[in-house]
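Here is a friendly walk through a single protein model, written to be read with the structure open beside you.

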Amino acid sequence: MANEHLILSQVGIAFPTPNGPFTALENVNLKIEKGEFVSLIGHSGCGKSTVLNIVAGLYQATTGGVILDGKEVDEPGPDRAVVFQNHSLLPWLTARENVELAVKQVFKKSKSKAEMAEWVEHNLSLVHMEHAMHKRPDEISGGMKQRVGIARALAMEPKVLLMDEPFGALDALTRAHMQDSLIEIQARLNNTVIMITHDVDEAVLLSDRIVMMTNGPAATIGEILKVELPRPRNRVELANDPQYNHYRAEVLKFLYERQRHTEQKEPVESKKQDETNVTPIGKETVRAA
Ligand SMILES: Nc1ncnc2c1ncn2[C@@H]1O[C@H](COP(=O)(O)OP(=O)(O)OP(=O)(O)O)[C@@H](O)[C@H]1O
Ligand SMILES: [Mg+2]
């Protein structure tokens with residue numbers, strides 16, 4: 001069944017803290033279809049990364065659970081690749097070797113050496129990194145490192161690509177390039193994607209649905225916005241598209257009217273600083289990257 005691909009059912013989590021358990025998430029319910037691109041947006045500290053980590057199998061939900069293609073998720077696995085904001089490449093390996101390591105992990109038994117080598121190069125070329133594949137992370141730019149991280153994730157052929165603010169640390173121009181390549185790759189491969197972002201424009205541009213989370217503690221899904229803009233989407237054309245601007249306004253209204261950030265009552269240890277920041281003109285981000 002198309003709509004039974006990835007299910008988050010009654011997901012809740014309480015973290016132990018010195019002041020007692022801290023309920024970060026409660027009753028998170030979401031069904032994601034195969035090939036769907038879903039963004040998670042919400043104020044800092046509401047629980048977006050926690051949701052992603054539960055789907056990744058890195059955190060165990062205290063209540064409820066996650067089901068991927070009929071199987072409960074209870075540990076990390078190559079069917080769910082994660083791209084973190086701060087690219088997590090091994091510094092002593094070249095771009096190529098970083099991707100190769102992941103490929104070997106997944107395809108050691110099913111692909112020959114030559115097939116694996118070709119697959120590594122193919123994925124580096126998807127993110128336009130074939131020219132720099134013999135460089136180490138300290139020899140390439142932040143955007144390039146992020147591209148290698150994405151190539152590594154894609155090369156594992158995950159059912160689900162989990163991205164936690166993948167472009168958050170990049171400058172605006174590189175970010176736009178990366179968004180465009182992600183749109184292109186996803187259109188080609190039809191991966192299911194869950195991406196956390198603080199960037200309202202990024203969410204509207206990339207997503208089929210935008211999942212907007214309420215503030216914590218006990219955060220949950222507040223609203224879900226279906227983005228029905230035809231694909232391929234063109235950022236320049238969309239800037240003046242009334243429908244695009246309507247979606248954008250809906251997200252901003254949710255964040256700044258319905259979920260205006262108030263000081264959270266939570267244990268000091270787990271308190272995060274909210275850096276909520278809206279630029280008056282142009283591009284809005286929930287938090288400055
Ligand atoms: N391991 C942990 N132990 C205790 N509390 C935690 C833990 N991980 C997260 N939290 C708390 O759970 C809440 C949600 O955190 P999370 O990192 O998921 O937020 P977020 O929405 O990703 O924020 P940001 O946008 O700043 O990345 C926060 O209050 C955080 O302090
Ligand atoms: Mg986070």
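Which residues have the most contacts inside the largest nonpolar core? They are Val 55, Ala 151, Leu 162, Ile 194 and Val 251, in a core of 69 residues. A nonpolar core here is a set of buried Ala, Val, Leu, Ile, Met, Phe, Trp, Tyr and Cys residues joined through C-beta atoms within 7 Å. A residue is buried if 20 or more other C-beta atoms lie within 10 Å of its own, exposed if 12 or fewer, and partly exposed in between, with C-beta atoms placed from the backbone. Helix 4 (residues 142–155) gives the most to this core, with seven residues. In soluble globular proteins, nonpolar side chains tend to be buried together.

**What kind of model this is**

This is a predicted model, in which local features need pLDDT of at least 70, side-chain atom pairs count only at pLDDT 80 or more, and totals for chains, interfaces and linings use all residues. Residues are numbered from 1 along each chain as its sequence is written, while chains are lettered from A and ligands numbered from 1 in the order in which they are written.

The mean pLDDT (the predictor's confidence in each residue, from 0 to 100) is 89 for the protein chain, and 89% of its residues reach 70 or more. Over residues 268–282, however, the pLDDT is below 50, and this stretch has 25 contacts in the model beyond near neighbours in sequence. Where pLDDT is low, the predicted coordinates should not be read in detail.

**The overall picture**

The protein chain has eight helices and ten strands. Helices (H or I, at least four residues) and strands (E, at least two) are DSSP runs, numbered from the N terminus. Of the 289 residues in the chain, 38% are buried. Two residues are in contact if their C-beta atoms, placed from the backbone, lie within 7 Å. Among contacts with a separation of 6 or more, 72% join residues 24 or more positions apart.

One open sheet has six strands in the order 6-7-8-3-9-10, with mixed pairing. Strand 6 (80–83) and strand 10 (221–226) stand at its edges, each with a single partner strand, so one side of each is left without a neighbour in the sheet. The twist averages 15 degrees from one strand to the next. For angles, axes are lines fitted to C-alpha atoms, for helices over the stretch in contact, and values run from 0 to 180 degrees between N-to-C directions.

Strand 7, helix 5 (residues 172–189) and strand 8 make a right-handed β-α-β unit; right-handed means that, with the strands pointing away from the viewer, the path from the first strand over the helix to the second runs clockwise.

Helix 8 (residues 242–258) lies across strand 3, strand 9 (209–213) and strand 10, running at about 170 degrees to strand 10.

A second open sheet has the order 2-1-4-5, with antiparallel pairing. Strand 2 (22–32) and strand 5 (71–72) are its edges, each with a single partner strand, so one side of each has no neighbour in the sheet. Helix 1 (residues 48–56) packs on this sheet, touching strand 1, strand 2 and strand 4, and its direction makes about 65 degrees with that of strand 2.

Some pairings from both sheets are set out below; two strands pair if DSSP finds at least two bridges between them.

| Strands | Sense | Bridges |
|---|---|---|
| Strand 3 and strand 8 | parallel | four bridges |
| Strand 7 and strand 8 | parallel | five bridges |
| Strand 1 and strand 4 | antiparallel | five bridges |
| Strand 4 and strand 5 | antiparallel | two bridges |

In the hairpin of strand 4 and strand 5, which has two residues between the strands, Asp 69 takes a positive phi near 45 degrees.

**A buried glutamate**

Glu 36 lies in the loop between strand 2 and strand 3. Glu 36 counts as buried because it has 21 C-beta neighbours inside 10 Å. Beyond four places in sequence, Glu 36 is in contact with Thr 192, Asp 208 and Arg 209.
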